Amino acid sequence: MCHGTGVLYLQSMCGIVGLIGTPEAAREAFLGLTTLQHRGQDAAGILSYDQTGFHSVKNIGLIESVFTRENMCSLTGNMALGHARYSTIGRGDIIDVQPFLISYPFGLGMVHNGNIVNCKELGMRLKTEGRRHLLTHSDTEVILNLFAEGLAKVPQGEEPGALTFEHICSSVGEIFRRVNGSYSIVTLIADHGLVAFRDPHGIRPMVWGRKRTEDGKEAHMVASESVALDFLGYELVRDLEPGEVLFISQEGQVQTRVIHPQGRRHCMFEWVYFASPESVIDRVPVYGSRINLGRNLALLIRNQLRERRIDPDIIVPVPETSRIAAIALAEELKIPYREVLIKNRYIKRTFILDSQEKRQKAVNLKLSPVRSEIQGKQVLLVDDSIVRGTTSKKIIDLVRKAGASRVYFVSTCPPIQYPCYYGIDFPVKSELIASERDHATIERELGADAVIYQDLKGLEQAILESGNAPSGARLCMACLDGKYPTDVAAGAGFASARKADRKEML
């Protein structure tokens, strides 16, 4: 696959930030991205804007390796975008690293968190109908071009160089009508301001905050998670609503409108795995939801303890996401909690590595068992989820080799049986261990004495009853129940591209 063939790689789950009104915009973008490093570890970029134009630094690698004191000095201005990428597909070419920039109209920069299911179709239409040649493998470039097309149309009675909120809403509304998938977007418009919008189902998160600067003016920040706002001293205003457009002008005027809501379907995996425990997403604390996941599991496990004669001596979290739920589970069951899998903090999160071979090698480097605490004991391992089973199988084997007499494996998430086309990295059904396998087969393939999953009801209760969830809020649990909030007919093409891409990478 190559540029110009009409074949597009979809993008990714990522961490994004946007700032306006602060003289330290690029520095705050850097710090905000640092708090969101868990959302993407393979590339990062910052784009700023001042009266002399746009300034950009981006590269492959972790945030701390991409940005230096020297290159940060070039990122001047009171507006900035930042992006930390976790790519679900593609070979990690620097050309695909965000933020992206287009010169016409006005000058637009963009960052995106999510996945566009009908990306290939939209890209072909841009090429054939719009006569636009796409330069990257990213679906973000598709959205950027669609937004640019909308803004380039001068509404009747409007001056050619003018830009109104109505014009912005019209352009975003066209994206809402044409783009199928998950997307939280932040855009800089040269000499005008910052635009943020969230897909009509609110699948991917986006929060908005503000603070007073030293000169008494008001600065604004949007980000994937509230942890970034908290760290930089921004007061949380609220989450952007599904289908909402937010525009903040360079003069600080704020305009917002919900133009195309289709019902809340927030991705449950944000609370289960992806988001930082300090964050509050759509008014639901991540930490509290993970506590409740552990408590709800205790109700299920008590029955299994009796029926299957499971008698664990210790409860052990698989670092790090599952730690909170494991503590709550241990408290409920009154079984000792022990952290006996010691993590090497310099290894990437294995789930977001881009091949099975890399994940298998990383597990061996990532975790070291404390043999003296495991030897001869029945160990109940707790992890956030079981996706392909690669990591789970290796960890079970690791604990057995450390001397455990029996190993039980508990997942805070129900069985993942269907692909995700919205940004989490399992778009191929055949890769999922829970797809078309019965429970006994899963236990046998993982090598566990027992595998216990959270149930759907327990998952929903743990998340939606953990905070002040908006009225009518529902979770996207398509990977668990196959009920997708959007049309995923084009998803099979993405899965095929994913398989082909992986073969090419090996």
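Buried means under 20% relative accessible area, exposed over 50%, and partly exposed in between, with a 1.4 Å probe and protein chains only. This is a predicted model, in which local features need pLDDT of at least 70 and side-chain atom pairs count only at pLDDT 80 or more, while totals for chains, interfaces and linings use all residues. Residues are numbered from 1 along each chain as its sequence is written, and side-chain values use heavy atoms, leaving out hydrogens and water.

View 1. R131 has phi near 55°, a positive value in a residue other than glycine. R131 sits in the loop between α4 (119-128) and α5. Helices (H or I, at least four residues) and strands (E, at least two) are DSSP runs, numbered from the N terminus. R131 is exposed, with a relative accessible area of 77%. D282 also is not a glycine, and its phi is positive, about 50°. The loop between β15 (280-281) and β16 (284-285) holds D282. D282 counts as buried, at 2% relative accessibility. Most residues other than glycine have a negative phi, and most peptide bonds are trans.

View 2. Q98 and P99 are joined by a cis peptide bond with omega of about 5°. P99 lies in the loop between β4 (79-87) and β5 (100-102). The bond from Y104 to P105 is cis too, and its omega is near -5°. P105 belongs to the loop between β5 and β6 (108-116).

**View 3. Helix α5 against helix α6.** The axes of α5 (residues 139-152) and α6 (residues 165-178) come within 8 Å and cross at roughly 135°. That makes α5 oblique to α6. Angles under 35 degrees count as roughly parallel, over 145 as roughly antiparallel, 65 to 115 as roughly perpendicular, and the rest as oblique. Axes are lines fitted to C-alpha atoms, for helices over the stretch in contact, and angles run from 0 to 180 degrees between N-to-C directions. From α5, I143, L146, F147, E149, G150 and L151 meet H167, I168, S171, V172, I175 and R178 of α6. Contact means heavy atoms within 4.5 Å. The residues of this contact divide into seven nonpolar, three polar and two charged. Ala, Val, Leu, Ile, Met, Phe, Trp, Tyr, Cys and Pro count as nonpolar, Asp, Glu, Lys and Arg as charged, and the others, Gly among them, as polar.

**View 4. The E270–R204 salt bridge.** A salt bridge is a side-chain nitrogen of Lys or Arg within 4 Å of a carboxyl oxygen of Asp or Glu. A search of the whole structure finds 23 of them. In one of them, the side chains of E270 and R204 meet at 3.2 Å, N to O. The pair links distant parts of the chain, 66 residues apart: E270 in helix α8 (residues 269-274) and R204 in the loop between β8 (193-198) and β9 (207-212). Both residues, E270 and R204, are buried.

**View 5. The R264–E241 salt bridge.** The closest N and O atoms of R264 and E241 are 2.2 Å apart. R264 lies in the loop between β13 (254-258) and β14 (266-267), and E241 in the loop between β11 (235-239) and β12 (244-249), 23 residues apart. R264 is buried at 13% relative accessible area, whereas E241 is partly exposed at 26%.
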